[in-house]
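Biologist: Can you put the model up? I have a few things to ask about it.

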Amino acid sequence: MRRDIFQAIADPTRRAIITLIALQAMTPNAIADNFQTTRQSVSKHLRILTECELVKPQQQGREIYYTLEIEKMKEVDKWLDQFRQIWETRFNQLDIVLANMSAATAKNVSSPANKKQKK
Amino acid sequence: MTPELLFDFTVNKETKMVFITREFNAGLSLVWDAFTRAELLDQWVAPKPMTARTKRMNFEVGGSRFYAMIAPDGQERWSLQKYLSISPKTNFKQFNVFTDADENPDPNGSEWDFNFSEANGKTTVHISIYNESLERLLSILDGFTQGMKMSLVNLDNLLDTLSAK
């Protein structure tokens, strides 16, 4: 099953892990120390985050350190920005609809092009 | 068209809420109609080059609107909106869910709260959207992204036409 970044941030524990390792690379044990949950559970979240390519494990000596892939996080913001643009576009279209409605009300007489009957 | 009109858009990923505020250069009655009448909604809710088509709409508590967003290639994306509460020209709440063409809904939907107020001839609309899943929030985009680039060009053209008047 293909995982994506939105699955990664959909879980509160995973968001907390992201926040933790945004500050510094950490080992799974050090990460687990910050949670009330089991080491296995943290490992599971780290595996999902790794599959989403949001974090990257790096071997340093005998330890594995997890680092955050900042560039990947930016994808979320890009998507949200597109959502914002959709609304901007919609509202600009609505401005035009409202301007036409105002003009029609001001005229108070339906033009031949206006097929809708005013109530 | 009128750049001085307030527009605010924020997303809270943790609470899965979206907050949108927009000012309109029109009176409350017109803006209320534009948000609550099918023939008006169909004129603006679909970012061009997409179009919206309402199959049926019954704007009353317990009523609903069944409509499609149609892509330039003819692909239809159906949604059902159920009206939960209505205070005329002040507020209405709806539940939104994507469906297939036969109105079979997706498992997750979203709750929308619309608030309207007028001051100095301008109307402000506050919208808050609660999504049952973040994936769903983001999946809203899927149907739109392809049309977006074109739509911005379209909008520019439209604005040019209008300002040339």
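Biologist: In the hairpin of strand 5 and strand 6 of chain B, which residue takes a positive phi?
Modeller: Lys89(B), with phi near 60°; the hairpin has 3 residues between the strands. Strands here are DSSP runs of E with at least two residues, helices are runs of H or I with at least four, and both are numbered from the N terminus. Bear in mind that this is a predicted model, where local features need pLDDT of at least 70 and side-chain atom pairs count only at pLDDT 80 or more, while totals for chains, interfaces and linings use all residues. Residues are numbered from 1 along each chain as its sequence is written, with chains lettered from A and ligands numbered from 1 in the order in which they are written.

Biologist: How many bridges join strand 5 to strand 6 of chain B?
Modeller: 9, and the strands run antiparallel. Gln81(B), for one, has Asn96(B) as its bridge partner in strand 6 of chain B. Two strands count as paired if DSSP finds at least two bridges between them.

Biologist: And what about the hairpin of strand 6 and strand 7 of chain B?
Modeller: That hairpin has 5 residues between the strands, and Glu103(B) in the turn has a positive phi of about 70°. The two strands pair in the antiparallel sense over 8 bridges. Phe92(B) stands opposite Phe114(B) in strand 7 of chain B.

Biologist: In what order do the strands of the chain B sheet come?
Modeller: The order is 1-2-8-7-6-5-4-3, in an open sheet of 8 strands with antiparallel pairing.

Biologist: Which strands stand at the edges?
Modeller: Strand 1 (7-12) and strand 3 (51-57) of chain B; each has a single partner strand, so one side of each is left without a neighbour in the sheet.

Biologist: Switching to chain A. What elements does it have?
Modeller: Chain A has 5 helices and 2 strands, running α-α-α-α-β-β-α from the N terminus on.

Biologist: Which residues of helix 2 of chain A are buried?
Modeller: Arg14(A), Ile17(A) and Ile21(A). Buried means 20 or more other C-beta atoms within 10 Å of the residue's own, exposed means 12 or fewer, and partly exposed is in between, with C-beta atoms placed from the backbone.

Biologist: Why are those on the same side of helix 2 of chain A?
Modeller: Because they cover an arc of only 55° around the axis, the arc being that of the directions from the helix axis to the C-beta atoms. On the other side, Pro12(A), Thr19(A), Ala22(A) and Leu23(A) are exposed.
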